[in-house]
Amino acid sequence: MTTRNLPFGKPWIGDEEKQAVLEVLSGDVLTHGPQSKAFEEEFAKYMGGGYCVSVSSGMAALHLSYLEMGIGAGDEVIVPAETHVATAHAVEMVGAKPVFLDCEPGTGNIDASKLESLITKKTKAISMVHFLGVPCDMDAIMKVADKHGLKVIEDCALAIGSRYKGTHVGLIGDTGCYSFYPVKHITTGDGGMFVTKHKEVAARVSKIRGFYVDKTFSERSIPGMYDTLGLGLNYRMSDINASIGRQQLKRMGVIRERREANFNALKSGLSKISGISILDSQSKDALSSFYCLSLVLEKPLDAKRIEIVKKLNAAGVGTSVYYPQPVPRMSYYQNKYGYNAADFAQAERISDQSIALPVGVHLTTDDMRYIAETFSSVLKELH
């Protein structure tokens, strides 16, 4: 086979995005202007509801969730062990304690059956991640949250286009938090979106993200005159970034369609290979966004993971790992809270034994055939 160049992620930037940026640069408003407002409205329309606040990153959306909820020192938030550090960092940044929970073996999602065992009088919220775009068991999570009066924060960083029982994720819990980092389904260069079902919450978060001042530029009768209603941050998305996002969002249907086709083609191509498990939706109610295909090398094959990755990369197949360690095992959290490996067996299995393969819109189903055949050849070489 001729070696190909198949990066793990590659933003789909066309002439439309470049023209949109030039138009913003040719105008008078570069931040918190009409592009940001339009992007928020169009994102809500794509989801099918809710109120959106554009922000500078996915973690900014998470941080704003806890600030708006009033969660802070002395409080506890249940957080998945298998996630990006941003999910836990946002809890730490408000002074609350993340209490980590292991994940399901087949999806990597938080194990809802164990939620109640971690709830104490200090627990204020459940943070959950739709891992690799596969929706969590929201019925089970919301049942526990409602029973104990807990807030639910949906980390939807990899889940644009994911739906649970027909509802877009991020519209089921109290807040939804999205990321537009370059390798995500759509990008704004960098950025994020805070989503809520409540208009008054969106209005309050919109002020907190911009220093908590009382009036926007358009609301000020005298230029430069405003008051501040509380402590706020500068988490705004610029109109330059928002203009890119508006063009990207128009392609979301095609993006999701191609990712699904690539995921299914690659999964089929790998189906006859023994010793691996593929993380995927386990329920007809959970429609994935197909962020990537993560396969777990079962024992004893897992011992050869690094060799396999190096050979795949040498053949032009981009790879990644979601995520490199269970968050509670990372130095900061282990030093602060301690670590018991027995509590996070599934998170360790995924972190230490998995390889993430690309299915992005920059690739074709024929590329998936190449990846599957290359993977099979690599295993035979190492046998």
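Two strands pair if DSSP finds at least two bridges between them. The views below apply this to a predicted model.

**View 1. Three strands form an open sheet in the order β7-β6-β11.**
The pairing in this sheet is antiparallel. Strand β6, residues 163–164, is joined to β7 by two bridges. Across this pair, Y164 stands opposite T167 in β7. The edge strands are β7 (167–168) and β11 (286–287), and each of them pairs on one side only. In general, strands of a sheet pair through backbone hydrogen bonds, either parallel or antiparallel.

Y164 counts as buried because its relative accessibility is 8%, and the cut-off for buried is under 20%. Leaving aside neighbours within four places in sequence, Y164 is in contact with the run P135, C136, D137, M138 and D139, and also with V169, I172 and D285. For D139 there is a polar approach as well: a polar atom of the Y164 side chain lies 3.2 Å from the backbone nitrogen of D139. Y323 is 159 residues from Y164 in sequence, and the two C-alpha atoms are 23 Å apart in space.

**View 2. The largest nonpolar core has 46 residues.**
Within this core, the residues that touch the most other members are Y66, F100, L132 and Y322. Elements that give two or more residues to the core are the strands β1 (51–55) and β2 (76–80) and the helices α3 (58–69), α4 (85–93), α6 (199–208) and α11 (345–353). The largest share, six residues, comes from α3. A second, separate core holds 28 residues, among them L266, L293, V317 and Y370. In soluble globular proteins, nonpolar side chains tend to be buried together.

**View 3. The contacts of L132, a member of the largest nonpolar core.**
Residues up to four places away in sequence are not counted here. L132 touches L158 and L279, then S288, S289, F290, Y291, C292 and S294, and finally Y322. Y322 is itself one of the core residues that touch the most other members.

**View 4. F39 and F43 form an aromatic pair in helix α2.**
The two residues are four apart in helix α2 (residues 34–47), about one turn of the helix. F39 is buried, with a relative accessible area of 0%. F43 also counts as buried, because its relative accessibility is 0%. The ring of F43 pairs with Y178 too: the centres are 5.2 Å apart and the planes are at 75°, so this pair is edge-to-face. F43 lies in helix α2 and Y178 in strand β8 (residues 175–179), so the pair ties together parts that are 135 residues apart in sequence. Both F43 and Y178 are buried.

**View 5. Other arrangements of aromatic rings.**
A search of the whole structure finds 13 aromatic pairs. Ring pairs link F8, F131, Y291, Y322 and Y323 into a cluster. Two residues of this cluster, Y291 and Y322, are also in contact with L132. A ring can face a charge as well: the charged end of R251 sits over the ring of W12, at 4.6 Å from the ring's centre.

Technical notes. Residues numbered from 1 in each chain as written. Predicted model: local features only at pLDDT ≥ 70, side-chain atom pairs only at ≥ 80, totals over all residues. Heavy atoms only, no water. Core = buried A, V, L, I, M, F, W, Y, C linked by side-chain atoms within 4.5 Å. Buried < 20%, exposed > 50% of the residue type's maximum accessible area, 1.4 Å probe, protein only. Contact = heavy atoms within 4.5 Å. Polar contact = N/O pair within 3.5 Å; in protein donor to acceptor, adjacent residues only side chain to side chain. Phe/Tyr/Trp six-rings, centres within 6.5 Å; stacked < 30°, edge-to-face > 60°. Lys NZ or Arg CZ within 6 Å of the ring centre and 35° of its normal.
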